[in-house]
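Please read the following report on side-chain contacts and surface charge alongside the sequence and the structure.

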Amino acid sequence: MFASLAQTRRGEMLFAEETMRCTATAPSTTCTATPCRERQSRASSWTRRGVRRGVFQSAPSAVRVGSDRASRLQGPRCRAMEPDDGFGEETIADDIDSMFASLAQTRRGEMLFAEEMAKPDAEVCFVKAAGYVAMHRRPDLSRVDDALAEIDELAVELEKLLPPIAEGRFPLRTLKQISRFMFDPVEDGGLGFVGNGSDFYDPRNSCLDEVLATRKGIPITLSLIYMELARRVGVEMVGVNLPGRFMVRPVVHEMEVLVDCFNGGEILFVEDVEE
């Protein structure tokens, strides 16, 4: 991936160099000399290479480099830049550096996600995996660690509401307590998590760090938090992808219930869901 990225960046830098050489040597406001046209042809060729590699499609706003600049870079003729244009080699380099820094950070999240999911099932940390997916919005690795730490802290608070393990914990009672802990309003002692039905397709609903911050999410992100809290207090759970809704269920023998995290952590029997 990084080899391809380096090759594409080289094309961009060559494109910038040719463009600046063309504009710097232009004798007037327009230049129609054959060498300039040849340079433009080579520059366009380098740009096409980048498009074919798919990098520009991944960061369309960054590649645009401003619509006004793009028209000057790729126009049919070269023109001399006035001293107050504010457009020089350093500006081009800064724009390109910014574009590839952002792209590299986003791709890093994708790479870390793939590495996490390639582990054996028992070793996969789904909190980290979800955090890596969310890096497309905020490519900051520390936010993944913060989300993991927050869930650990919430589990400690939840543990205080449950009877000691030595006294025995009934799974169903534990699930009910988790639902109250997560979904009861803050004024009633809960965390106030809710399903964001009014703005379901808001991208923030899919980002674990932002769901933890806003207390709003979609079924899969709310279910992930529920599953992780349950696992930390001794109840293993798995996801169940139903038509139109994602739910979770405990991995407990002869306990056939589902938890609808988008609907306040409602606990349902399988027969109720089938209806």
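Does E110 count as buried, partly exposed or exposed? At 48% relative accessibility, E110 counts as partly exposed; buried means under 20% relative accessible area, exposed over 50%, and partly exposed in between, with a 1.4 Å probe and protein chains only.

The model is a predicted one, in which local features need pLDDT of at least 70 and side-chain atom pairs count only at pLDDT 80 or more, while totals for chains, interfaces and linings use all residues. Residues are numbered from 1 along each chain as its sequence is written, and side-chain values use heavy atoms, with hydrogens and water left out.

**Salt bridges**

The structure holds 12 salt bridges, a salt bridge being a side-chain nitrogen of Lys or Arg within 4 Å of a carboxyl oxygen of Asp or Glu.

| Acidic residue | Basic residue | N to O distance |
| E110 | R107 | 3.9 Å |
| E159 | R169 | 2.1 Å |
| E228 | R232 | 2.6 Å |

E110 and R107 both lie in helix α6 (residues 89-117), three residues apart, which is about one turn of the helix. Helices (H or I, at least four residues) and strands (E, at least two) are DSSP runs, numbered from the N terminus. R107 is buried, at a relative accessible area of 18%.

The salt bridge between E159 and R169 has its closest N and O atoms 2.1 Å apart. This pair links distant parts of the chain, 10 residues apart: E159 is in helix α8 (residues 141-159), and R169 is in the loop between α8 and α9. E159 is partly exposed, with 28% relative accessible area, whereas R169 is buried, with 18%.

E228 and R232 both belong to helix α11 and are four residues apart, about one turn of the helix. E228 is buried, its relative accessible area being 5%, and R232 is partly exposed at 23%. Salt bridges that share partners join D152, E228, R231 and R232 into one network.

**Aromatic pairs**

A pair of aromatic rings is described by the distance of the centres and the angle of the planes. Rings of Phe, Tyr and Trp (its six-membered ring) pair if their centres lie within 6.5 Å; planes under 30 degrees apart count as stacked, over 60 as edge-to-face and the rest as tilted. The structure holds three aromatic pairs.

Why is the pair of F183 and Y226 stacked? The ring centres of F183 and Y226 are 6.4 Å apart and the planes are at 20°, so the pair counts as stacked. F183 lies in helix α9 (residues 171-183) and Y226 in helix α11 (residues 219-232), so the pair ties together parts that are 43 residues apart in sequence. F183 is buried, with a relative accessible area of 9%, and Y226 also counts as buried, at 0% relative accessibility.

The rings of F200 and Y201 have their centres 5.2 Å apart and their planes at 75°, so this pair is edge-to-face. F200 is partly exposed, at 33% relative accessible area, while Y201 is exposed, at 76%. F200, Y201 and F262 form one aromatic cluster.

**Negative patch**

A patch of negative charge on the surface gathers E254, E256, E266, E271, D272 and E274. Patches are made of residues with over 30% relative accessible area and no salt bridge, with like charges joined within 9 Å. Asp and Glu count as negative, and the place of a charge is taken as CG of Asp or CD of Glu. Accessible areas come from the Shrake-Rupley method with a 1.4 Å probe.

Which helix gives the most to the negative patch? Helix α12 (residues 270-274) does, with three residues. E254, another residue listed in the patch, lies in the loop between β4 (245-250) and β5 (257-260). E254 is exposed, with a relative accessible area of 71%.

**Positive phi**

Most residues other than glycine have a negative phi. E254 has a positive phi of about 60° although it is not a glycine. R215, which is not a glycine either, has a positive phi of about 65°. R215 is placed in the loop between α10 (208-214) and β2 (216-217).

Conventions: Patch = residues over 30% accessible without salt bridge, like charges linked within 9 Å, V, L, I, M, F, W, Y side chains within 5 Å.
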